[in-house]
Amino acid sequence: MTIACSQDRDPRENVVVVDGVYAPQEDSQLLADVMEKTGLAVGRRVVDLCTGSGVVAVKAAELGAASVTAFDICPRAVRCARTNALAGSAAVDVHLGSWARAGEFGPFDLVVCNPPYVPRDPEGEPLPAAVGPARAWDAGYDGRLVLDPLCAAVPGLLADGGSLLLVQSEFADPRMTLAALSSAGLDASIVAWQWIPFGPVLSSRAEWLEETGRLEPGRREEELLVIRADKP
C-alpha cells in the first residue's frame, strides 16, 4: 500500500517544545499520519526512537497502542516528551538512551523513528541557535550517520511479524535504506511521500547540495519519504 500524504494540520498544535529540542515539523506529522492510516499501532507494543518532543509517541498512545516506549539521547528531549505525554494523558514510558538501550525493553511490534537525516557540509557555517539543535538533523556528509546503524539494529528490536515506520529525506538516499533493511531480512518499501518547501536548514545548504550533484539547480523543495519494513 502506498499513501500520498498532504499537510492538513499544524504538527506543533498542542505540543510543548523547549529550547534544545526538535520542534515537530512536516516529517513528524507525515510519520504520525502514516502510523494512523496503516493502523499498525493499534493494540501493539510500540517504541519511538529519537522521540524529540514525543509527538509521535503520544499519537501512538492516542491510537490505542497496547504500550508505548520512547527513547532519546537528549535529557531535555526526555523531559519534554514526558511533559507532552502527561499533558495529553498519554501512557508513554520515556527513557534516556538510544536504540541500544531500547533493546533491553523489546521486542516491539512497531518501531517508529524520525532520525537525523540531513546531509551536512563539513565546511559550512553553523546555523543560528534559534533554528534549533543541530544534533536533531545533522547526519554527516551523506545524511546516513544515524540511518545506517539504525537499519542494522531494527531487526533485533522487532518481534516476529513486527514493522518499522521510518521517515527520511530524499537527500539521505532512501535506496540505501531499502537495501540495508532488505539485507537485514526485512521486507521494505516506500509507502508514503510528501513534497515540502525548504526550511532554514536545507535553504542554507542548497548551494552545497547543488554543487555535490544531489539537488537540481534552482529547486527548493524536498521530498520526504516514509519507509515501512516488515519482519517475517
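The largest pocket in this predicted model is lined by 28 residues, and Tyr22, Gln25, Trp137, Pro200 and Val201 lie nearest its centre. A pocket here is an open set of points on a 1 Å grid over the protein atoms alone where a 1.4 Å probe fits, with protein on both sides within 12 Å along at least five of seven lines; lining residues have an atom within 4 Å of a point. Helix H7 gives the largest share of this lining, three residues.

Now let's turn to the salt bridges. The structure holds nine of them, each being a side-chain nitrogen of Lys or Arg within 4 Å of a carboxyl oxygen of Asp or Glu. In one, aspartate 109 meets arginine 45 at 2.8 Å, N to O. Aspartate 109 lies in strand S5 and arginine 45 in strand S2, so this bridge ties together parts 64 residues apart in sequence. (Helices, H or I with at least four residues, and strands, E with at least two, are DSSP runs numbered from the N terminus.)

Are these two partners buried or partly exposed? Aspartate 109 is buried, at 13% relative accessible area, while arginine 45 is partly exposed at 34%. Buried means under 20%, exposed over 50%, and partly exposed in between, with a 1.4 Å probe and protein chains only.

Finally, glutamate 170 pairs with arginine 219, their closest N and O atoms 2.9 Å apart. Shared partners join Glu170, Glu216 and Arg219 into one network of salt bridges.

Residues are numbered from 1 along each chain as its sequence is written, and side-chain values use heavy atoms, without hydrogens and water. Local features need pLDDT of at least 70, side-chain atom pairs count only at pLDDT 80 or more, and totals for chains, interfaces and linings use all residues.
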